[in-house]
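Hello,

Here is the structure I promised to pass on to you. Please have a look at it first, and then read my notes below.

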Amino acid sequence: AVVSTQSTGGGFGAAKNLSSFATAGADMTVDSDLTEKVKAFHARGKPIGLCCIAPVIAARVIPGVEVTVGSDVEGTEKWPYAGTAGAINAMGGKHVVTDVSEAHIDTKNKVVTTAAFMCETALHEIHDGVGEMVKEVVALARQ
């Protein structure tokens with residue numbers, strides 16, 4: 001299994017260092033080494049866990065993948081990055097609305113995602129969502 005968080009290279013690392021999402025949005029590219037690894041994991045049916053902004057990588061690399069970054073309703077203080085959901089859909093993924101304390105499981109693709117710091121909320125709620133993601137990735141790895 002592989003689990004990626006937003007902290008790779010500092011906040012929004014997945015959007016700045018592992019992809020060009022921060023500057024290109026839905027027209028983003030993903031680091032070629034990472035693309036190769038994600039495709040290899042997916043082809044072998046290995047579970048993948050992504051949180052915060054990292055689900056955009058799956059949306060770009062795995063056609064039709066279902067992921068979450070939480071809300072898709074823009075303009076709220078609680079969900080300042082909700083526009084990411086539209087970019088996920090534009091890249092051919094499917095955004096699924098969830099609460100920050102939940103994880104979404106795409107059983108077909110074995111991808112588990114959670115919003116984490118895409119939401120302005122209490123740390124314990126973010127912890128709950130990340131914990132769910134890890135729990136579900138481990139469950140998929142044991143199948």
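Lys110 is partly exposed, because its relative accessible area is 22% (buried means under 20%, exposed over 50%, and partly exposed in between, with a 1.4 Å probe and protein chains only). Lys110 lies in the loop between β5 (104–106) and β6, and has a positive phi of about 55 degrees although it is not a glycine. Cys52 also deserves a look: this residue is not a glycine, yet has a positive phi of about 65 degrees. Cys52 is found in the loop between β2 and α4 and counts as buried, at 1% relative accessibility.

Before you go further, please keep in mind that this is a predicted model, in which local features need pLDDT of at least 70 and side-chain atom pairs count only at pLDDT 80 or more, while totals for chains, interfaces and linings use all residues. Residues are numbered from 1 along each chain as its sequence is written, and side-chain values use heavy atoms, with hydrogens and water left out.

Now the overall picture. The chain has 6 helices and 6 strands, and from the N terminus on they run β-α-α-α-β-α-β-α-β-β-β-α. The radius of gyration of the chain is 13 Å, close to the 15 Å that the globule rule gives for 143 residues, so the chain is as compact as a globular protein of that length. Helices (H or I, at least four residues) and strands (E, at least two) are DSSP runs, numbered from the N terminus; the radius of gyration is taken over C-alpha atoms, and the globule rule is 2.2 Å times the number of residues to the power 0.38. Along the principal axes, the C-alpha atoms fill a box of roughly 40 × 30 × 25 Å.

Of the 143 residues, 44% are buried. Among contacts (heavy atoms within 4.5 Å) with a separation of 6 or more, 64% are between residues 24 or more positions apart.

Of its 39 residues, Val56, Ile57 and Ile62 touch the most other members. Two or more residues each come from α1 (13–16), β2 (48–51), α4 (55–61), α5 (84–90), β6 (111–114) and α6 (123–141), with α4 giving the largest share, 5 residues. Not counting residues up to four places away in sequence, Ile57 touches Ala14, Leu18, Met28, Val30, Leu34 and Val38.

Ala14 is in helix α1 and counts as buried, at 0% relative accessibility. The C-alpha atoms of Ala14 and Thr76 are separated by 23 Å, and the two residues are 62 apart along the chain.

Thr35 sits in helix α3 (residues 32–43) and counts as buried at 17% relative accessibility. Beyond residues up to four places away in sequence, Thr35 touches Val30 and Val61.

Finally, Gly70 is in the loop between β3 (66–67) and α5, and counts as buried, at 0% relative accessibility. Leaving aside neighbours within four places in sequence, Gly70 is in contact with Trp79, His95, Val96, Val97, Thr98 and Ala115.

Best wishes

Note on methods: Core = buried A, V, L, I, M, F, W, Y, C linked by side-chain atoms within 4.5 Å.
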